[in-house]
Amino acid sequence: MIANINSALSAYRNTITGGEGSSKNLASAATEAGDSFGGVLAGMGSPLIGALKNGEKAMMDTASGKGNLAALVSSLSEADIMLQTVSTVRDKAIQAYQDIMHTAI
């Protein structure tokens, strides 16, 4: 049981500190996608979709008895963090658009 707890803690630590697929990688993928705002938004999509698919796969593996609980928690928390990041960027973009629209000319 201790090995499972340690692996879960290390997976969680890896997610927080910017391990593979984390929000830091999400930001770098968005920056590499292009210099335009549309390119940045498009670049954020592929890591998010990959994280969601990894979470679904881990959930299916755990439900069928093949996966391990630590991998499931790690995958789902990674997907959650990435989804929160994308939602925050979307909300900020909408707010910026609304601010521009209310600007007096």
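This is a predicted model: local features need pLDDT of at least 70, side-chain atom pairs count only at pLDDT 80 or more; totals for chains, interfaces and linings use all residues.

Modeller: Residues are numbered from 1 along each chain as its sequence is written, and side-chain values use heavy atoms, with hydrogens and water left out.

Biologist: How do you know where confidence is lowest and where it is highest in the chain?

Modeller: By pLDDT, the predictor's confidence in each residue, from 0 to 100. The mean is lowest in helix 2 (residues 23-33), at 52, and highest in helix 4, at 88. The chain averages 75, and 66% of the residues score at least 70.

Biologist: What makes up the secondary structure of the chain?

Modeller: Four helices and zero strands, in the order α-α-α-α along the sequence. Helices (H or I, at least four residues) and strands (E, at least two) are DSSP runs, numbered from the N terminus.

Biologist: Why is the contact between Lys57 and Asp61 called a salt bridge?

Modeller: The term requires a side-chain nitrogen of Lys or Arg within 4 Å of a carboxyl oxygen of Asp or Glu. The closest N and O atoms of Lys57 and Asp61 are 3.0 Å apart, so the pair qualifies. The two residues are four apart in helix 3 (residues 37-63), which means a separation of about one helical turn. Lys57 is exposed at 51%, whereas Asp61 is partly exposed at 22%.

Biologist: How many salt bridges does the structure hold?

Modeller: Two. Asp91 and Arg90 also form one, at 2.8 Å from N to O. Asp91 is partly exposed at 40% relative accessibility, as is Arg90 at 48%.

Biologist: What makes Tyr97, Ile100 and Met101 a nonpolar patch?

Modeller: Patches are made of residues with over 30% relative accessible area and no salt bridge; like charges are joined within 9 Å, and nonpolar side chains (Val, Leu, Ile, Met, Phe, Trp, Tyr) within 5 Å. Ile100, at 60%, therefore passes the accessibility cut-off. Together, Tyr97, Ile100 and Met101 have about 380 Å² of accessible area, computed by the Shrake-Rupley method with a 1.4 Å probe, where for residues only the protein chains shown count as cover.

Technical notes:
Buried means under 20% relative accessible area, exposed over 50%, partly exposed in between (1.4 Å probe, protein chains only).
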